[in-house]
Amino acid sequence: MSFGTMASGSRKVTFVAIQTPSPSLDPARLDDLSATLRGPLFRPGDHPYDDARKVFNAMIDRRPAAIVRAAGAEDVQRTVTFARANNLPVSIKGGGHNVAGSAVSDGGLMLDCSSMSRVQVDAKRRVAVAGAGALLADLDYATQQFGLATPLGVVSVTGIAGLTLGGGIGWLNGKHGLACDNVISAKIVTADGNLVTASPEGDTDLYWAIRGGGGNFGAVTSFTYRLHPVGPVLAGGFSFPAERTREVLQFYPGFAAGCPDGLSMSASLGRDESGRPVFGVGVCWSGEHHEADMALRPLRDLGPTVDSIASTAYSALQCAHDAGFPSGRYHYWKSRFVTDLTDGAIDTLLQFATEMPSPDSAIGMQQIHGMAARVDPSATAFPHRRSQSELLILAQWADPAETERNVGWARAFFEAMRPFAAGGVYVNDLGEEGEGRVRDAYGANYDRLAAVKAAYDPTNLFRSNQNIRPSV
Ligand SMILES: Cc1cc2nc3c(=O)[nH]c(=O)nc-3n(C[C@H](O)[C@H](O)[C@H](O)COP(=O)(O)OP(=O)(O)OC[C@H]3O[C@@H](n4cnc5c(N)ncnc54)[C@H](O)[C@@H]3O)c2cc1C
């Protein structure tokens, strides 16, 4: 890992970037690989190459040596075997939404799983098998045909693979846990090119590691998820008047900590037309509808100006936030966990909400609680098991000339919140922030993860991720 510079419009921003030596690769070898694949292989200069190397975050502009758009598990095996033999690091793209851009690396071999998006549902057994290139929308659409769902995230164009491997926090976490908690098994191509099934019955250490340890251990080709009956939910948002923002911020953490499992919330701090900070709480009630009134009463008693809670198809809720994240924008995200908000924390939040440079940016608080918080921190690789919110500083802007201002705001805000944060960071929202933060993301599970990494990927072939070094 070394310090690098990424072009972002007219300015340059310095990141800690995963950079790999770009070994000279005989083009004939790529021809040989291409001839064995069902899916296409793109090289620099090929017409689809520039499109295929793009990811969600427009800040990321990296040039892999080649891109394989795998058509199935055999393509993945051949690609991994080729990369190992030719000493090329592999980066893996599921939905391409990781803001750090780890799906693509300079000079590496990019394994694009986006064509592997088939979802099969066994409604009787309440199980779905999803290809690693599926988006949340693909899985939700298929499972909702049967009134079922598995917990995922809150923006439907996110990839299931990266989201699940890092944890997966969404509207059902209070009732049914994280996405990774609902993985029954996964098929994975490991660094030796073998296709294995990680489950409670086989490759159990790998099964433990891929539920929170990210893409460190191999290329997943499919996940098998446990499904739950999920009918229409009560969902929508409350907005509170600007003059009560401080009071609602004081109230919210205690309410979130004690709310029933059926209620999951995602709060946000923005600004009204006159520039004053305003607080809103997005909710999903997935319990019995007749019990919702009691659960939501404390929020209603605060006198919201907007109360849009209504019965909503779960799949409609899953797309409700998509418009806020169009593709092609520049993103710089920072995140911390918070459990309570002291007066100092609230002062800081209000200050930075007022100073937010871009109207497209957001300050979010995504709740983890209930079932997701009760799992033993060592039961899966995801260690952050307590009732808390992820404070998300989501800088988003459209004009590259605005990069420095937005990055500066996010960094200063993140630093100012340091004294008020709980420990740890969610691996899926981690930027390129150095090894200390990567260790914080895996917490007390790091050493066991490093041992699993040594067993399955001793040469660190899969290192374009929040990297776990193989233990020696
Ligand atoms: C708009 C937006 C909304 C989001 N909302 C949520 C949310 O509600 N809840 C939440 O928990 N997170 C959320 N996230 C964060 C999200 O979980 C991560 O960005 C995640 O990495 C996205 O997965 P992906 O497959 O799209 O990523 P990609 O960029 O494709 O991949 C990211 C990394 O995942 C690994 N990976 C991907 N595919 C595979 C594979 N097949 N095998 C092995 N490793 C693989 C690799 O290490 C890769 O570098 C959101 C992100 C965005 C941009």
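**Ground rules**

I count residues from 1 along each chain as its sequence is written, and I use heavy atoms for side-chain values, leaving out hydrogens and water. Since the model is predicted, local features need pLDDT of at least 70 and side-chain atom pairs count only at pLDDT 80 or more, while totals for chains, interfaces and linings use all residues.

**Entry 1: the ligand**

I started with the shell around the ligand. A residue is near a molecule if one of its heavy atoms lies within 4 Å of it. I found 35 residues around the ligand, and Gly94, Gly96, Ser102, Ile169 and Tyr426 come nearest. I sorted the shell by type: 16 are nonpolar, 17 polar and two charged. In this sorting Ala, Val, Leu, Ile, Met, Phe, Trp, Tyr, Cys and Pro count as nonpolar, Asp, Glu, Lys and Arg as charged, and the others, Gly among them, as polar.

Next I looked up polar atoms facing the ligand. A polar contact is a pair of N or O atoms within 3.5 Å; within protein, one must be able to donate a hydrogen and the other to accept it, and residues adjacent in sequence count only if both atoms are side-chain atoms. Gly95 has a backbone N or O atom 2.9 Å from a ligand oxygen. Val154 has a polar backbone atom 2.9 Å from an oxygen atom of the ligand. Tyr426 uses its side chain: a polar atom there lies 2.6 Å from a ligand oxygen.

How much of the ligand's accessible area does the protein cover? I read 97% of the 950 Å² that the ligand has on its own. These areas come from the Shrake-Rupley method with a 1.4 Å probe; for residues, only the protein chains shown count as cover.

Which elements give two or more residues to the shell? They are strand E5 (90-93), helix H5 (160-166) and strand E12 (219-226). H5 gives the largest share, four residues. Helices (H or I, at least four residues) and strands (E, at least two) are DSSP runs, numbered from the N terminus.

**Entry 2: the cores**

A nonpolar core is a set of buried Ala, Val, Leu, Ile, Met, Phe, Trp, Tyr and Cys residues joined through side-chain atoms within 4.5 Å. Buried means under 20% relative accessible area, exposed over 50%, and partly exposed in between (1.4 Å probe, protein chains only). The largest core here has 47 residues, and Met265, Leu299 and Leu349 have the most contacts inside it. A second, separate core holds 43 residues, among them Leu148 and Tyr207. In soluble globular proteins, nonpolar side chains tend to be buried together.

I then followed Leu349. Contact means heavy atoms within 4.5 Å. Beyond four places in sequence, the contacts of Leu349 include Leu249, Ile363, Met365 and Phe413.

Tyr252 was my next stop, in helix H8 (residues 245-258). Tyr252 is buried, at 1% relative accessibility. Not counting residues up to four places away in sequence, Tyr252 touches Met265, Ala267, Phe279, Val281, Met365 and Ser389.

**Entry 3: positive phi**

Most residues other than glycine have a negative phi. I noted Asp203, with a positive phi near 50°. Asp203 sits in the loop between strand E11 (195-198) and helix H7 (204-209). At 29% relative accessibility, Asp203 is partly exposed. Asn460 also has a positive phi, about 60°. Asn460 is in the segment after helix H15 (446-456). Is Asn460 buried or exposed? Asn460 is buried, at 9%.

**Entry 4: loop residues**

Arg329 lies in the loop between helix H10 (314-319) and strand E19 (330-338). The Arg329 side chain makes a polar contact with the side chain of Gln396, at 2.8 Å.

Ser114 lies in the loop between strand E6 (109-112) and strand E7 (119-122). The Ser114 side chain makes a polar contact with the side chain of Asp112, at 2.7 Å. Beyond four places in sequence, Ser114 touches Arg69, Lys93, Gly94 and Gly133.

Ala422 is in the loop between helix H13 (403-417) and helix H14 (435-442). Ala422 is buried, with a relative accessible area of 14%.
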